[in-house]
Amino acid sequence: MDQKQNVLRLPAEQLYAKELEALKEADQDPKPAGWQLSPRSVLTFITGGQAGGVNITPKYIGHTRLVEIAVATLLTDRALLLIGEPGTAKSWLSENLTAAIHGDSSKVIQGTAGTSEEHVRYSWNYAMLLAHGPSDEALIKSPIYRAMEGGGIARFEEISRCASEVQDALISILSEKTISIPELGREVSAARGFSIIATANTRDRGVNEMSAALKRRFNILVLPSPAGLETEVEIVRKRVGEIAANYELQAALPEEEAVRKIVTIFRELRAGVTLDSKEKLKSPSGVISTAEAISLLTNSMALAASFGNGQIQEEDLAAALQGAIVKDEEKDRIAWKEYLENVMKKRGSEWRSLYNACREMND
């Protein structure tokens, strides 16, 4: 079996290798130092189009101007910070921008409470350090260090989840474009093309608020939730199709009506009001994002494939909805029950079977 076919999730540069190759061959515009594509071709890779007869699928469905600003930022010495609600495709956009520009999206730091300054700069193989002292062989380079050496892009996911001293370690790197290694008596300077794309979650505000000094080193882009129902339906349908193909789920893709119902439910609960603005709703405590809707429908396909006839049934959607919405047993169950009785029940025959299946799960 091809090794690529046996991998659960391919990086963007491998998943879309054919598209990137077509863009390279067709690209006639000047390429910045260290870039494999011109800015216009990067934009085409992200937003979709054609290149040499190859269809370039859109990776980000939203405001094209935001993508243009992101690409333009990476042409300068400024780093890029993508901020938004969970599920607004921050990480997906970060990965695909890096894949398009440098063909390597693997230089990633995942921000957590346990992320240390060593993860940002460098660390040591302590067995070699104790045996032979500081040396290049004992040095363990961080993803940012490696990106600086090669003039690439490092990705820093969920930066606001890191402690303030870890965030502050970035300030000198972003300002001076160097990493000092006093143990070896030298500095590493960034090659042209180096940059950092960081992401931050608006739900994490107050966890470890970024300092003003660090924010000044970034160009900040706020990625909005999908503006309208049709846009979100398109995003969900597209991503469910891609994920289902990757997982080789032996089930039919969800019908348009099912996608529309799930997105409608999520948008209303997220906003705390029905789409027609006639009725206010209680919002659940958890994240009701586009990413959650995609996961819900993918899980429903897995249920249908494994325990059904391969066609998503209302019972599959109801089970997935229950798990996605009721995160806090007491508060969320009340909010979900009120939505079922006050909104879904009144929507007529088209919603009746889904309402019955959801009510049975909620009892």
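I take buried to mean under 20% relative accessible area, exposed over 50%, and partly exposed in between. The model I am reading is predicted.

**Entry 1: Glu279**

I looked up Glu279 with that scale in hand. Its relative accessibility is 27%, so Glu279 counts as partly exposed. I found Glu279 in the loop between H12 and H13. Leaving out residues up to four places away in sequence, I listed what Glu279 touches: Gly272, Val273, Thr274, Asn342 and Val343. I then checked Val343 against Glu279: they are 64 residues apart along the chain, and their C-alpha atoms are separated by 8.4 Å.

**Entry 2: the whole chain**

I stepped back to the protein chain. It has 363 residues, and buried residues make up 47% of them. I noted 16 helices and eleven strands in its secondary structure. Along the principal axes, the C-alpha atoms fill a box of roughly 75 × 50 × 40 Å. I also looked at the contacts with a separation of 6 or more; residues 24 or more positions apart account for 70% of them.

**Entry 3: nonpolar cores**

In soluble globular proteins, nonpolar side chains tend to be buried together. I went looking for such groups here. The largest nonpolar core has 39 residues. Which residues have the most contacts inside it? I wrote down Ile265, Phe266, Leu296, Leu321, Trp336 and Met344. The helices that each supply at least two residues of this core are H11 (229-247), H12 (256-271), H13 (290-307), H14 (314-325), H15 (329-342) and H16 (349-362). H12 gives the most, with seven residues.

I followed Phe266 further. Setting aside its neighbours within four places in sequence, Phe266 is in contact with Ile288, Ser289, Glu292, Ala293, Leu296, Leu321 and Ala324. Apart from this core lies another, of 33 residues, and I noted Leu81, Tyr122, Ile144 and Ile179 among them.

**Entry 4: H12 against H16**

I looked at how H12 meets H16. Their axes come within 12 Å and cross at roughly 70°. Angles of 65 to 115 degrees count as roughly perpendicular, and H12 and H16 are therefore roughly perpendicular to each other. On the H12 side I listed Glu257, Lys261, Thr264 and Ile265; on the H16 side, Glu350, Trp351 and Leu354. I sorted the residues of this contact into three nonpolar, one polar and three charged.

**Entry 5: H3 against H4**

I turned to helix H3 (residues 39-47) and helix H4 (residues 64-74). They pack at an angle of about 140°, with their axes 10 Å apart. That angle makes H3 oblique to H4. I recorded the crossing of H3 and H4 as right-handed. H3 brings Pro39, Val42, Leu43, Ile46 and Thr47 to the contact, and H4 brings Thr64, Val67, Glu68 and Val71. I sorted these into six nonpolar, two polar and one charged.

**Entry 6: two residues with positive phi**

I looked up Glu158, which is not a glycine but has a positive phi, near 55°. Glu158 sits in the loop between strand S7 (153-157) and helix H9 (164-176). Is Glu158 buried or exposed? I found 15% relative accessibility, so Glu158 counts as buried.

I then looked up Lys177. Its phi is positive, about 55°, although Lys177 is not a glycine. I placed Lys177 in the loop between H9 and strand S8 (178-181). Lys177 has a relative accessible area of 19% and is therefore buried.

Definitions and conventions:
Residues are numbered from 1 along each chain as its sequence is written. This is a predicted model: local features need pLDDT of at least 70, side-chain atom pairs count only at pLDDT 80 or more; totals for chains, interfaces and linings use all residues. Side-chain values use heavy atoms; hydrogens and water are left out. Axes are lines fitted to C-alpha atoms, for helices over the stretch in contact, and angles run from 0 to 180 degrees between N-to-C directions. Helices (H or I, at least four residues) and strands (E, at least two) are DSSP runs, numbered from the N terminus. Angles under 35 degrees count as roughly parallel, over 145 as roughly antiparallel, 65 to 115 as roughly perpendicular and the rest as oblique. A crossing is left-handed if the near helix is turned anticlockwise from the far one by less than a right angle, and right-handed if clockwise. Contact means heavy atoms within 4.5 Å. Ala, Val, Leu, Ile, Met, Phe, Trp, Tyr, Cys and Pro count as nonpolar, Asp, Glu, Lys and Arg as charged, and the others, Gly among them, as polar. A nonpolar core is a set of buried Ala, Val, Leu, Ile, Met, Phe, Trp, Tyr and Cys residues joined through side-chain atoms within 4.5 Å. Buried means under 20% relative accessible area, exposed over 50%, partly exposed in between (1.4 Å probe, protein chains only).
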